[in-house]
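Me: I have a structure to go through today. Could you help me read it?

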Amino acid sequence: TATATTTATVTTAAAAAEPAAVPEPRDFSSQQSQMVTQITALFQQLSAEFLQLDQGRAQLAAERRKLEQEKAELEAQQRAFAELQASHKAQVNQWIAEETQRLEQARAELKADHDA
């Protein structure tokens, strides 16, 4: 049995050291089919990932359009507020000028009455 074990070990070691045998055509066809299946699966996976990327890109573009619209609305509100503020300031300045003129006229009348 020791001889049989030694012979088996030597035979196994020799077989491992030998280069792999050229596959039979049937084995090559099977390997080729497996490779095609694996490549197809990888392409399907890549397609799914590209689809997800495209969907993410579309979502980001939609969010960007929404933000740009909100920005435009805020800018329009800001312009409207600035116009309102300028208009209000002009009205206040006009009122101040009118009141100042009225007070000066009243003062002039009082002075004329006082001098008379």
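Me: Before that, what kind of model is it, and how are residues numbered?
Reply: This is a predicted model, in which local features need pLDDT of at least 70, side-chain atom pairs count only at pLDDT 80 or more, and totals for chains, interfaces and linings use all residues. Residues are numbered from 1 along each chain as its sequence is written, and side-chain values use heavy atoms, with hydrogens and water left out.

Me: What is the mean pLDDT of the chain?
Reply: The mean pLDDT is 85, and 78% of the residues reach 70 or more. Here pLDDT is the predictor's confidence in each residue, from 0 to 100.

Me: Where does pLDDT stay under 50?
Reply: That applies to residues 4-14, for which the model has 0 contacts beyond four places in sequence. A contact means heavy atoms within 4.5 Å.

Me: How many helices and strands are there?
Reply: The protein chain has 2 helices and 0 strands. Both terms refer to DSSP runs, numbered from the N terminus: helices are H or I with at least four residues, and strands are E with at least two. Helix 2 covers residues 25-115.

Me: And what share of the chain is buried?
Reply: Buried residues make up 0% of the 116 residues. Buried means under 20% relative accessible area, exposed means over 50%, and partly exposed lies in between (1.4 Å probe, protein chains only). The accessible surface of the chain is about 10,900 Å², and carbon and sulfur atoms account for 59% of that area. Such areas come from the Shrake-Rupley method with a 1.4 Å probe; for residues, only the protein chains shown count as cover.

Me: Changing topic: how many salt bridges are there?
Reply: The count is 3, where a salt bridge is a side-chain nitrogen of Lys or Arg within 4 Å of a carboxyl oxygen of Asp or Glu.

Me: Why can such side chains pair at all?
Reply: Side chains of opposite charge can pair when their charged atoms come close.

Me: Which residue does Arg57 pair with?
Reply: Arg57 forms a salt bridge with Asp54, with the closest N and O atoms 2.8 Å apart. Both lie in helix 2, 3 residues apart, which is about one turn of the helix.

Me: What about Glu68?
Reply: Glu68 pairs with Arg64, with a closest N to O distance of 3.1 Å. These residues are 4 apart in helix 2.

Me: Which residues form the nonpolar surface patch?
Reply: Met35, Ile39, Phe43, Leu46, Phe50 and Leu53 form it, with about 630 Å² of accessible area together. Patches are made of residues with over 30% relative accessible area and no salt bridge; like charges are joined within 9 Å and nonpolar side chains (Val, Leu, Ile, Met, Phe, Trp, Tyr) within 5 Å.

Me: Why does Phe50 count as exposed?
Reply: Phe50 counts as exposed because its relative accessibility is 53%.
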